[in-house]
Amino acid sequence: MSRFYIDEIKYVSTRDTEKKELIDSAEAIRRGLAPDGGLYMPVMLPHFGISELSMLSKLSYPERAAFVLRRYLTDYDEDELISMAEAAYSADKFDGVVDKKGVANPTPLRRLSSRDTVMELWHGPTSAFKDMALQLMPRLLSAALEKTGVKGDACILVATSGDTGKAALEGYKDVARTRIMVFYPAEGVSVVQKLQMVTQAGENVCVAGVDGNFDDAQTGVKRIFRDEKVGEALREKGLFFSSANSINWGRLAPQIVYYFSAYCDMASENIIKLGDEIDITVPTGNFGNIFAAYIAAASGLPVGKLICASNTNKVLTDFINDGVYDRRREFFTTISPSMDILISSNLERLLYMLSGPAETTEYMKALSEEGVYKISSKLHKAVLSRFAGYFADEDACRAAIKETYERKHYLCDPHTAVALACAEQYRKENPDEKRKMLIVSTASPYKFAGSVLEAITGQAAKDELSAAAELSALTGTKPPKQLVGLENREVRFPGVISPDEMAEEVIKFAEQ
Ligand SMILES: *Cc1c(COP(=O)(O)O)cnc(C)c1O
């Protein structure tokens, strides 16, 4: 692969008004959150021109990943990025589709119509899109520990409401210089999610149920991070705490890659010509996935509008349309649970890019003190020039699942259905827009088989485990292999503890 001159890129906190501290990407990945509470951002962005897109088109996914990432993570070298990407996106981890050259593509496209193409991001080990980042990030972190000269191994603690915990376990399992411990609320996760976690493989993993809800588990983890006694016990064993949080740049960067990759594939499949602009619709929660698309666009990928799709928790739809972010509202539990969010942390990165650190710091202060902020009209204009915001309520989501299946013969999960419904609204309001649309699909329909089955048949499934079999029989599609036979796997982590016992459990894990 060509090795040409690359501009070195440093990272800065979104709240650092004087650019006091510029650090390498490895340091940003090791730290996660900045000491001032901000998120790390590159001080400038690389630019990809048409000739580079044309060159990328000829590469495999891991090669594309290394090429794109090398331009953002300039303190990592191309060979290490290639070997990390090959390990992260290997065909045995991603049951993606094999391309014309016989190379596995972890992010296959499905063409729904002459206008609409779906990019499936859920062929990884946990059948949801977080695998795309969490398969690579642990390797980036492991290398960052070497680069920054940090002694000891990272001990990752995660409190999960379901999906993130499993994806983190799969990502960190058996990665050098890391250990991971996941706490889940014993009564707060689905049968499938629980089975996925308690049967987890790997030498460096541990899972415990907590007698309580998600907040109890999360509060417990936060307390342990500050607990001196636990910290000391870890240090004695050569360990230190780290988190797998979605605000880490190491989780965001891998997500930029698949937008470049999808664009190249759309050109290869003659859906577009290289250089044509596309619109992209993303089902959004924490604003990570859609922000990665924004970064790709700001780095030269030909993109028109980014359509931010929300469910009934439409705080982002209102923000984009009205310029006011107001979290003081009712929280709804929906059938697209990974988008049930009132604070979209990565939005801070967009505010920073469009307005700078001083304004961003003010908005974030207002959000934490008052729960609301209103952006300047100049900033609002800048947001609207790139983004459009729509939402789909529960009925619209179910209708989209049913219609897409019946009319397009495509089975989609509730998160993807929200995106499809929002893309349709955008089209209705912009009838003259001729750009092709890329719609991001974030989970396998089998991960939410009960809701999908009910949307299609109008009848509730008997239970979650039988819903997958029923859905398969009804549609003639197959569930991903990692979701089959979960109930027959060996349970390695049967324990449920009280919140008070969490610290002790971490110390025991450190001493293993
Ligand atoms: C996490 C998640 C989302 C939301 O992605 P963000 O990056 O948080 O906006 C959407 N769909 C699924 C299935 C997810 O797991």
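**A polar contact and its surroundings**

Analyst: The side chains of Asn346 and Arg349 are joined by a polar contact of 2.6 Å. A polar contact is a pair of N or O atoms within 3.5 Å; within protein, one must be able to donate a hydrogen and the other to accept it, and residues adjacent in sequence count only if both atoms are side-chain atoms. The model is predicted: local features need pLDDT of at least 70, side-chain atom pairs count only at pLDDT 80 or more, and totals for chains, interfaces and linings use all residues. Residues are numbered from 1 along each chain as its sequence is written, and side-chain values use heavy atoms, leaving out hydrogens and water.

User: Is Asn346 buried or exposed?

Analyst: Asn346 lies in the loop between strand E13 (324–326) and helix H14 (347–355). Buried means under 20% relative accessible area, exposed over 50%, and partly exposed in between (1.4 Å probe, protein chains only). Because its relative accessible area is 1%, Asn346 is buried.

User: Which class does Met44 belong to at 38% relative accessibility?

Analyst: Met44 is placed in the loop between strand E2 (40–42) and helix H2 (50–57). Its relative accessibility is 38%, so Met44 counts as partly exposed.

User: How far from an oxygen atom of the ligand does a polar side-chain atom of Lys130 lie?

Analyst: A backbone N or O atom of Gly285 lies 2.8 Å from an oxygen atom of the ligand. For a polar backbone atom of Phe287, the distance to an oxygen atom of the ligand is 3.1 Å. For a polar side-chain atom of Lys130, the distance to a ligand oxygen atom is 2.5 Å.

Methods
Helix = DSSP H or I, 4+ residues; strand = E, 2+ residues; numbered from the N terminus.
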